[in-house]
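Subject: Handing over the structure

Hi,

Here is the structure I promised to pass on. Please have a look at it first, and then read on for what turned up.

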Amino acid sequence: MMKNIVKNKQQEDRTNKPLLSALHGEAIARTPFWLMRQAGRYLPEYKELRAKAGSFLDLAYNPDFAIEVTMQPLRRYGMDAAILFSDILVVPHALGQNLEFVTGEGPKLNPIRDLDSLSKLKFNDEVLEPVYEAVAGIRQQMKAENFHETALIGFAGAPWTVATYMVEGGSSRDFSNTKKWAYSDPDGFAKLIDLITNTTIHYLGRQIEAGAEVLQIFDSWAGALDEDQFKRWVIEPTVKIVRELNEKYPDIPIIGFPKGAGVLYQNYANETGVAALGLDSGVPMDFAKTLQKALPVQGNLDPVCLLTGGDALKQSAEKIINALSDGPFIFNLGHGIIKETPPEHVEQLAEIIRDYGQQL
Ligand code: CP3
């Protein structure tokens, strides 16, 4: 009896929330959309709060600020999803690695390059309590502001991508320290990947408990690996994360985003167990349609096209919707919004997507 009531509630949410319907395999007349980095520096109201907070981490770890920043793009554009405002690097931070965001330079961490420094890491969930608090607060705020059809996405970085930041000590062009460790001492590097994997399973589980309805795993640097390394460091850890979360939370869909994976997207789709695939802008429409036969797809407008706006934006966005909207599809960018993007272009894109649905 109880189970039935719970089930009906989930089905109700699924029909009310276009994002959840698409993730459960339905083609939706009005394409659901959200945009990676939809909260951020292209919005003046973000910049204002960011200045008030001081540092990026002071913004992200303050639940009131994180809730507010998450809500900002919804109020302007009515996306079909909110995404928790946080960062993939809070996981290394909670493992005890120093983390700083240096303005104009990106993240800085003290590099972990051997088993000795790895052995000093220890997970402290206290660090992440403000994130869980923000998740619960966002759900409440979405209700309070009548975003009843909007779903909340929680997220984490994939172990490979997070490992690159932990080993390089920040952003990197070629990930050579990380790859060298993986090639020369795979069993040692596997200890780092396992630590991130297990921490991520716990972290995402707690986001679900706090109210996340969908998860996205960002594997931003999946495209840097060859076939064998991709299997070991991208596919295998993702399999473990998805299997364990699906066992415990079978109704929470997980979107995998192995950016730059190229033809290896097919392996990722076949082997990881994710509910849907996030596509980068390099994925051609024919290949996207092939992938969509197996799984819902999300993507993949070039963020520079959104920055450009005008006819180019209209043509590119319509081409993607045309190609993919007869199957389960979520419109998104192929990577995050660029900070110089004029907010009016995001409005233009939201209108293109809505108008397209009305023409049908
Ligand atoms: O709106 C959203 O998408 C949610 C928030 C979010 C952020 N980072 C906020 C952020 C999400 C989902 C991320 C993910 C993230 N963070 C990824 C994966 C996606 C991707 O972009 O590939 C990665 C690789 C990171 C690591 C990271 N965080 C870098 C390299 C940087 C510095 C570069 C930059 O854009 O400044 C960040 C900082 C960061 N994370 C900002 C935001 C809004 C900008 C910081 C600021 O406001 O000063």
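Which of the 23 residues around the ligand come nearest? They are R37, R41, Y46, D87 and S220, where a residue is near a molecule if one of its heavy atoms lies within 4 Å of it.

Before the rest, a word on conventions. This is a predicted model, in which local features need pLDDT of at least 70 and side-chain atom pairs count only at pLDDT 80 or more, while totals for chains, interfaces and linings use all residues. Residues are numbered from 1 along each chain as its sequence is written, and side-chain values use heavy atoms, with hydrogens and water left out.

**The ligand**

Two of those residues also make polar contacts (pairs of N or O atoms within 3.5 Å). The side chain of S220 has an N or O atom 2.5 Å from an oxygen atom of the ligand, and in the side chain of D87 such an atom is 2.7 Å from a ligand nitrogen. On its own the ligand has 880 Å² of accessible area, and the protein covers 89% of it (Shrake-Rupley method, 1.4 Å probe).

The shell around the ligand is made up of 13 nonpolar, 6 polar and 4 charged residues; here Ala, Val, Leu, Ile, Met, Phe, Trp, Tyr, Cys and Pro count as nonpolar, Asp, Glu, Lys and Arg as charged, and the others, Gly among them, as polar. Both α3 (44-53) and β3 (106-109) supply at least two residues of that shell. Helices (H or I, at least four residues) and strands (E, at least two) are DSSP runs numbered from the N terminus.

β3 pairs with strand β2 (residues 99-102) in the antiparallel sense over 4 bridges; pairing takes at least two DSSP bridges between the strands. L99 has L109 as its bridge partner, and V102 stands opposite G106. The two strands form a hairpin with 3 residues between them, and G104 in the turn has a positive phi of about 80 degrees.

**Two backbone details**

R37 is not a glycine, yet its phi is positive, at about 60 degrees. Elsewhere, the peptide bond from G299 to N300 is cis, with omega near -20 degrees, and N300 belongs to strand β8 (residues 297-301).

Enjoy exploring!

Technical notes
A polar contact is a pair of N or O atoms within 3.5 Å; within protein, one must be able to donate a hydrogen and the other to accept it, and residues adjacent in sequence count only if both atoms are side-chain atoms.
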